[in-house]
Amino acid sequence: MSLPQSQRPLYEVKAGLFKGLSHPLRIRMLELLADGDEHTVGYLQTSTGLEASHLSQHLSVLRRHRLVTSERRGSNVYYQLARPEVAELLGVARRLLAALVAEDGARADDVAELPSFGASS
């Protein structure tokens, strides 16, 4: 099955969205931002333990796929989710993860120990 040419750009944007979500540390960064507040690069670096260069690369991917926005104020750069739907998507993904591991009977305790995020976890 191939995509009609008119639909291809939409599916490319959608694939880009999932590419932005395709790394565990990017998902965690999004979870940290899901509280609805703006956070500095320093906060994200401390919270993830990433080196500045690696954090910058991940944030670049998230910006490119329009999952986060950034704003420089003085010497700080602040990040926030680009849309509230990103937090909703993270909440749905967390619930799906819990259901999948519950079916397997393994790692359910690990899901319960994941750090909370936003209002939807």
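Tutor: A salt bridge here is a side-chain nitrogen of Lys or Arg that lies within 4 Å of a carboxyl oxygen of Asp or Glu. The model is predicted, so local features need pLDDT of at least 70 and side-chain atom pairs count only at pLDDT 80 or more, whereas totals for chains, interfaces and linings use all residues. Residues are numbered from 1 along each chain as its sequence is written, and side-chain values use heavy atoms, with hydrogens and water left out.

Student: OK, how many salt bridges are there in the whole structure?

Tutor: A search of the whole structure gives six. One of them joins the side chains of Arg73 and Glu38, at 2.8 Å from N to O.

Student: And where in the chain do those two sit?

Tutor: They lie in distant parts of the chain, 35 residues apart, with Arg73 in strand β2 and Glu38 in the loop between α2 and β1. Helices (H or I, at least four residues) and strands (E, at least two) are DSSP runs numbered from the N terminus.

Student: Is Arg73 buried, exposed or in between?

Tutor: Arg73 is partly exposed, because its relative accessible area is 33%, and Glu38 at 32% is also classed as partly exposed. The scale calls a residue buried under 20% relative accessible area, exposed over 50%, and partly exposed in between, with a 1.4 Å probe and protein chains only.

Student: What about Glu31, which residue does it bridge to?

Tutor: Glu31 makes a salt bridge with Arg28, where the closest N and O atoms are 3.0 Å apart. Both residues belong to helix α2 and are three residues apart, about one turn of the helix. The pair is also part of a network of salt bridges that links Arg28, Glu31 and Arg94.

Student: So is Glu31 buried or exposed?

Tutor: With a relative accessible area of 10%, Glu31 counts as buried. Leaving aside neighbours within four places in sequence, Glu31 is in contact (heavy atoms within 4.5 Å) with Leu90, Arg94, Pro115, Phe117 and Gly118.

Student: Changing topic, which residues touch the most other members in the largest nonpolar core?

Tutor: That core has 20 residues, and the ones touching the most other members are Leu30, Leu44, Leu59, Leu62, Val68, Tyr79 and Leu81. At least two residues each come from α2 (24–33), α4 (52–64), β3 (76–81) and α5 (84–104), and α2 gives the most, with four residues. A nonpolar core is a set of buried Ala, Val, Leu, Ile, Met, Phe, Trp, Tyr and Cys residues joined through side-chain atoms within 4.5 Å.

Student: What surrounds Val68, then?

Tutor: Val68 touches Leu30, Leu33, Leu59, Leu62, Arg63, Tyr79, Gln80, Leu81 and Ala82, again not counting residues up to four places away in sequence.

Student: Which strands pair with β3, and in what sense?

Tutor: Strand β2 (residues 68–73) pairs with β3 in the antiparallel sense over six bridges, and β1 (residues 39–40) also pairs with β3 in the antiparallel sense, over two bridges. Two strands pair if DSSP finds at least two bridges between them. Thr69 stands opposite Gln80 in β3, while His39 has Tyr79 as its bridge partner in β3.

Student: And how many residues lie between β2 and β3?

Tutor: There are two residues between them in a hairpin, and Gly74 in the turn has a positive phi of about 65°.

Student: Last one, what order do the elements run in?

Tutor: From the N terminus on, the order is α-α-β-α-α-β-β-α-α, which comes to six helices and three strands. The C-alpha trace spans about 50 × 45 × 25 Å along its principal axes, and buried residues make up 27% of the 121 residues in the chain. Among contacts between residues at least 6 apart in sequence, 55% join residues at least 24 apart.
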